[in-house]
Amino acid sequence: GRASPPLAALSQVLRLERSRRTGIVFPLQKLERCLAPGTDTAQFRLFQPGLAALQRAEALFRSDRGHPIDYVSSAVRMDHAPPPALPEVCFIGRSNVGKSSLIRALFSLAPEVEVRVSKTPGHTKKMNFFKVGKYFTLVDMPGYGYRAPQDFVEMVEAYLQERRNLKRTFLLVDGVVGLQKTDNIAVEMLEEFGIPYVMVLTKIDRASRGVLLKNVLEIQEFVKENTQGCFPQLFLVSSVEFSGVHLLRCFVAHATGNLPTIQAS
């Protein structure tokens, strides 16, 4: 198996000096300093787990003999999907939003897990299922936009409507370009089906601070004004620098019922 990259493990992050450590674990809080005085930042800290919760979540994403993390199967139709035995989360987003790269970062402590990252937009045409021990399943959904709208509508609508063990959908938005029209279509679908979801801003290492701040504030305003089922806190991630990856692992553990509630507050 491949070696885990630097900062993939919490123990490596904890060795950093304090401000850098906070920036990697809680990237949204790092942006707070750039806001105008009096700006409401309550939504920045709704999910703020302590060290014990972060460590518990990391253990779930670290494979060993008694806790295998495996690619299970791919499906193009719901009748090909594995049985809905475990709590499940799925990741959706526009083609080229960095979805497979993020899933690979989440699974970086299980380097034997093969998450294919395509250089061709719209290449993921199947739902890919990953089983995390006996705890939960993570699903990589086909990208939407470019050449994949039909795949997305037929496959993803059916999945979202029928998958009774789905606990949370993670909607990925490109941190450089912000919310696009195609993202609004996904939001409308999630809202229509009454599915709880959370927005994740990807590629934050590629966006300037000003662009990032603008996109964060615009999306948080959009969520407040136009959504019912979206968790009010936005999650920021960089699959390259591992910013926000530890926190996202923790939220996945929380959403699938694998964190004691007291630790997640």
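In this predicted model, Glu-88 has a relative accessible area of 1%; since the cut-off for a buried residue is under 20%, Glu-88 is therefore classed as buried. The residue belongs to strand S2, which covers residues 88–93. The side chain of Glu-88 is in polar contact with the side chain of Arg-163, at 2.7 Å. Apart from neighbours within four places in sequence, the contacts of Glu-88 are Phe-129, Thr-137, Val-139, Tyr-159, Arg-163, Asn-165, Leu-166, Lys-167 and Arg-168.

**The chain as a whole**

The fold comprises ten helices and seven strands. For 265 residues, a compact globule would have a radius of gyration near 18 Å, and the value of 17 Å for this chain agrees with that expectation. The C-alpha trace extends over about 50 × 45 × 35 Å along its principal axes. Of the 265 residues, 54% are buried, Glu-88 being one of the buried residues. Among contacts with a separation of 6 or more, 75% are between residues 24 or more positions apart.

**Cavity and pocket**

The structure contains one cavity of 30 Å³ or more. Its lining consists of Phe-26, Pro-27, Leu-28, Gln-29, Phe-44, Gln-233, Leu-234, Phe-235, Leu-236 and Leu-247. Two elements, helix H3 (27–32) and strand S7 (235–236), each give two or more residues to this lining. H3 provides the largest share, with three residues.

The second largest pocket has a lining of 15 residues; those nearest its centre are Gly-23, Lys-30, Ile-204, Glu-241 and Ser-243. Helix H2 (18–25), H3 and helix H8 (209–226) are the elements that each supply two or more residues to the lining of this pocket. Helix H3 accordingly contributes to the linings of both the largest cavity and the second largest pocket.

The volumes and the classes of lining residues are set out below.

| Space | Volume | Lining residues by class |
|---|---|---|
| Largest cavity | about 60 Å³ | eight nonpolar, two polar, no charged residues |
| Second largest pocket | about 350 Å³ | seven nonpolar, three polar, five charged residues |

Lys-30 and Glu-241 are among the residues that lie nearest the centre of the pocket.

Conventions: Residues numbered from 1 in each chain as written. Predicted model: local features only at pLDDT ≥ 70, side-chain atom pairs only at ≥ 80, totals over all residues. Heavy atoms only, no water. 1 Å grid on protein atoms, 1.4 Å probe; cavity = no way out; pocket = protein on both sides within 12 Å on 5 of 7 lines; lining within 4 Å. Points joined across faces, edges and corners; volume = space filled by probe spheres on them. Helix = DSSP H or I, 4+ residues; strand = E, 2+ residues; numbered from the N terminus. Nonpolar A, V, L, I, M, F, W, Y, C, P; charged D, E, K, R; others polar. Buried < 20%, exposed > 50% of the residue type's maximum accessible area, 1.4 Å probe, protein only. Polar contact = N/O pair within 3.5 Å; in protein donor to acceptor, adjacent residues only side chain to side chain. Contact = heavy atoms within 4.5 Å. Rg over C-alpha atoms; globule rule 2.2 N^0.38 Å.
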